Amino acid sequence: QVQLVESGGGLVQPGGSLGLSCTASGSTFSLVAMAWYRQSPGKQRELVANIWSDGTTNYRDDVKGRFSITGDNVKHTVHLQMNNLKPEDTAVYYCNALWSTGGGSGVDYWGQGTQVIVSA
């Protein structure tokens, strides 16, 4: 059974830093990408950053230059380093892993979510 275990998060003051980590396990398929999403009350879940198996990364515009995503395709881990945090970064952050099932198809799994609160 696939599991995504997240760690990190918590309360930080504006301008501070936090790191989120996630480890995926239990799949026999090839890992294609891992990502972090976030969701704040009343808003849809949104992609924060992702990293593909070839190392390509993508970020939403409002975190560029502040957040950095790294991953280990062998250990199936992903880390999101968040610097210069702002109150608007407050949300529940979710890890996502996309696996290839072959023939151009894939399946993704979600972590349980970890709360990030940016407040003075």
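A salt bridge here is a side-chain nitrogen of Lys or Arg within 4 Å of a carboxyl oxygen of Asp or Glu. The model is predicted.

Q: How far apart are the closest N and O atoms of Glu46 and Arg38?
A: Side chains of opposite charge can pair when their charged atoms come close. Glu46 and Arg38 are both buried. The two form a salt bridge, and the separation of their closest N and O atoms is 2.8 Å.

Q: Which part of the chain holds Asp62, the partner of Arg38 in a salt bridge?
A: The side chains of Asp62 and Arg38 meet in a salt bridge, with an N to O distance of 3.4 Å. The pair links distant parts of the chain, 24 residues apart, with Arg38 in strand S4 (residues 30–39) and Asp62 in the loop between strand S6 (57–59) and strand S7 (67–72).

Q: Is Asp62 buried, partly exposed or exposed?
A: Buried residues have under 20% relative accessible area and exposed ones over 50%, with partly exposed in between. The relative accessible area of Asp62 is 37%, so this residue counts as partly exposed.

Q: Which cysteines form the disulfide, and how many residues apart in sequence are they?
A: A search of the whole structure finds one disulfide. Its sulfur atoms are 2.1 Å apart and belong to Cys22 and Cys95. Cys22 lies in strand S3 (residues 18–25) and Cys95 in strand S9, so the link ties together parts whose separation in sequence is 73 residues.

Q: What is the handedness of the link of Cys22 and Cys95?
A: Cys22 is buried at 1% relative accessible area, and Cys95 is buried at 0%. The angle about the S-S bond is -85 degrees, and the link of Cys22 and Cys95 is left-handed.

Q: How far from Tyr37 in space is Tyr94, C-alpha to C-alpha?
A: Tyr94 lies in strand S9 and is buried, with a relative accessible area of 14%. Among the residues that Tyr94 touches are Glu6, Trp36, Tyr37 and Arg45. Tyr94 and Tyr37 are 57 residues apart in sequence, yet their C-alpha separation is 5.1 Å.

Q: Which side chain of opposite charge is nearest to Glu6?
A: Glu6, in strand S1 (residues 3–8), is buried and yet has no salt bridge. The nearest side chain of opposite charge is 7.9 Å away, and that residue is Arg45.

Q: Which backbone nitrogen lies 2.6 Å from a polar atom of the side chain of Glu6?
A: Glu6 touches several residues, including Cys22, Tyr94, Cys95 and Gly113. The backbone nitrogen of Cys95 lies 2.7 Å from a polar atom of the Glu6 side chain. The backbone nitrogen at 2.6 Å from a polar atom of that side chain belongs to Gly113.

Definitions and conventions: Residues numbered from 1 in each chain as written. Predicted model: local features only at pLDDT ≥ 70, side-chain atom pairs only at ≥ 80, totals over all residues. Heavy atoms only, no water. Buried < 20%, exposed > 50% of the residue type's maximum accessible area, 1.4 Å probe, protein only. Helix = DSSP H or I, 4+ residues; strand = E, 2+ residues; numbered from the N terminus. Disulfide = S-S within 2.5 Å. Contact = heavy atoms within 4.5 Å. Lys, Arg positive; Asp, Glu negative; His and termini not counted. Polar contact = N/O pair within 3.5 Å; in protein donor to acceptor, adjacent residues only side chain to side chain. Lists of a residue's contacts leave out its neighbours within four places in sequence.
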